[in-house]
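Hi,

Here's the structure I said I'd pass on.

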Amino acid sequence: MIKTEMLHFAYPIGGDVLKGIDLEIGDSEFVAIMGENGAGKTTLIKHFNGLHKPTKGRVTVDDIDTKKRSVASIARDVGLVFQNPDHQLFCETVKEEVAFSLRNFGYDAETIERRTTSILETLDLSQYAESSPFTLSGGERKRVALASVLAWNPKYVVLDEPTIGQDYLQKDRLRNFILQLVSQRKTVIMVTHDVEFVAECKPRVILLSRGEIVADGPARVILSDEALLDKCSLMRPQISSLMSSLRDLGLSQDVIDVYTARACLLEAVKRVK
Amino acid sequence: MSVIDARDLTFTYLGSSKPSISDLTFSVNRGQFVVLTGPSGCGKTSVCRCLNGLIPHFYSGELQGDVIVCGSSVRDKPTSELARKVGFVFQNPENQLFSLSVERDVAFGPENLGLPRNETRERVEWALEVTGISSLRDRAPYELSGGQQQRAAISAVLAMKPEVMVLDEPTSFLDPKSAAEILKVVHGLNRKFGMTIVLVEHRLDLASQYADRVIIMDKGKIILDGKPSEVYNERARMIGVGIPRITFLAQLLQKDGLTFSSMPLTVDEASATLRRSISP
């Protein structure tokens with residue numbers, strides 16, 4: 001479990017970016033952290049692997065205070081994939097990039113080869129194994145960064161804006177992949193403001209605004225709350241707005257994804273006939 | 001009248017074995033709002049780079065065919081001259097802003113054109129006002145939110161008074177509300193000043209309502225080109241175009257037997273049609 005208690009954090013200049021975050025993320029949970037630009041989302045997740053240490057309060061990973069462990073040791077359990085892949089990629093080839101951390105963690109050559117090949121395949125990157133990451137498109141580099149973290153099989157996978165620059169098919173694939181991780185009982189935490197993506201994966205949603213948690217609950221409840229979303233500079237999924245515009249016809253108001261909406265609307269049409 | 005004319009455009013980056021864009025022929029009329037989209041790696045960014053001469057003057061490789069932008073071939077004109085005609089806004093505003101104040105950043109372009117002081121000043125005022133950041137003029141770009149930074153980047157480009165504005169995924173780092181606001185600003189440039197817009201965008205749910213035309217690329221080629229409601233079809237979806245959820249829902253419902261006179265792009269359009277089908 002990742003737990004934060006009265007977590008405050010301030011950068012050397014400026015006020016508190018995080019203002020007393022109390023949060024528990026249990027094992028095998030699937031969580032989306034959402035909120036406006038500058039809400040403190042990235043600052044918060046950097047506490048999960050110890051890159052940031054609280055100015056006040058406490059963060060524990062599996063009951064151990066992150067102040068008592070090195071980032072390198074926490075990283076083995078908590079894999080963080082940065083928003084900008086260029087902050088993380090540096091090797092000559094995609095394959096090298098993915099193998100790098102495995103080598104650092106001391107795996108044998110055979111395991112490194114097996115895991116690298118398998119993760120590249122899963123993320124549709126095999127054809128680029130020998131390419132330089134820097135010749136790839138932004139969306140592809142993003143997947144390389146993800147592959148390099150997933151390769152060492154951390155217990156907690158933390159993704160900062162995983163859908164940026166990804167097209168719809170890749171998002172679809174990413175969603176299936178994340179849901180697969182969740183079904184393997186991994187804890188997946190993603191920072192995102194992609195409401196449509198969240199509407200389709202339906203995780204627990206934690207809404208952050210100006211350094212504080214303003215809501216915490218299931219996606220279908222939080223993503224149908226216009227006032228709340230507006231406060232965090234988010235927009236309702238299109239489907240949810242549609243259902244709300246037809247509210248007076250007795251349509252269910254916590255529908256956020258296309259397929260559920262389709263069923264509801266067909267039901268309503270049938271009732272009329 | 002066309003402001004962009006691409007003829008058999010093919011480009012292969014140095015060190016790459018296959019072309020990133022191949023045999024593209026298309027033109028864009030003055031005042032059009034064009035959304036360019038397609039799966040990641042389809043070549044849309046390369047197309048943008050051709051429009052202001054970054055290809056072939058900055059990125060090395062083999063260019064075949066040509067693009068005529070505002071009457072000049074990008075092969076002949078250096079990027080510095082094309083920049084007067086074609087403004088370019090990048091995905092990440094941090095890559096584009098460098099001064100210690102927003103005002104200085106916006107003034108940089110006109111100053112480099114050697115414009116007289118008062119004209120520079122007028123252009124800066126105008127560019128800040130159009131994007132709604134006059135009050136942020138003295139702030140350092142790095143202190144601003146992503147949305148404000150992107151407005152500053154757009155202002156800096158606007159101050160050059162380009163005829164064509166090319167924006168390469170300008171909203172991808174922004175939260176949904178800031179993204180919607182940036183697209184409104186871009187729409188304003190098109191509507192108020194008749195500026196030609198080429199917008200590369202994945203967020204079609206937000207951008208489609210402003211587009212006169214959507215060009216969809218796949219594997220370096222244009223595969224669909226038309227009004228948004230016409231091109232958001234099964235084929236587009238299968239190659240990975242994120243057609244607006246509302247349009248997708250309407251397509252599913254149409255298969256189920258409901259009728260839509262045209263495919264809706266916005267919630268309001270869909271809502272009106274559905275209300276008629278559901279109301280007692």
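Chain A splits into two parts: domain 1 covers 2–234 and domain 2 covers 237–273. Keep in mind while you look around that this is a predicted model.

How far apart are the C-alpha centres of domain 1 and domain 2 of chain A? They sit 33 Å from each other. Domain 1 of chain A puts 9 residues into the contact, and domain 2 of chain A puts in 7 residues. On the domain 1 side, α7 (195–201) and α8 (219–222) of chain A each bring at least two residues to the face that touches domain 2. The top contributor to that face is α7(A), with 4 residues. Sorted by class, the domain 1 face that touches domain 2 in chain A holds 5 nonpolar residues, 3 charged and 1 polar.

Now for the two chains. In the contact between them, 36 residues of chain A meet 39 residues of chain B. If you want to find the chain B side on screen, look for four of its helices: α6 (146–158), α7 (176–193), α11 (245–255) and α12 (267–278) each supply at least two residues to the side touching chain A. Which of them gives the largest share? That's α12(B), with 7 residues. As for the make-up of the chain B side that touches chain A, you'll find 18 nonpolar residues, 15 polar and 6 charged.

Cheers

Methods. Residues are numbered from 1 along each chain as its sequence is written. Chains are lettered from A and ligands numbered from 1 in the order in which they are written. This is a predicted model: local features need pLDDT of at least 70, side-chain atom pairs count only at pLDDT 80 or more; totals for chains, interfaces and linings use all residues. Two residues are in contact if their C-beta atoms, placed from the backbone, lie within 7 Å. Ala, Val, Leu, Ile, Met, Phe, Trp, Tyr, Cys and Pro count as nonpolar, Asp, Glu, Lys and Arg as charged, and the others, Gly among them, as polar. Domain bounds come from an automatic or database domain assignment.
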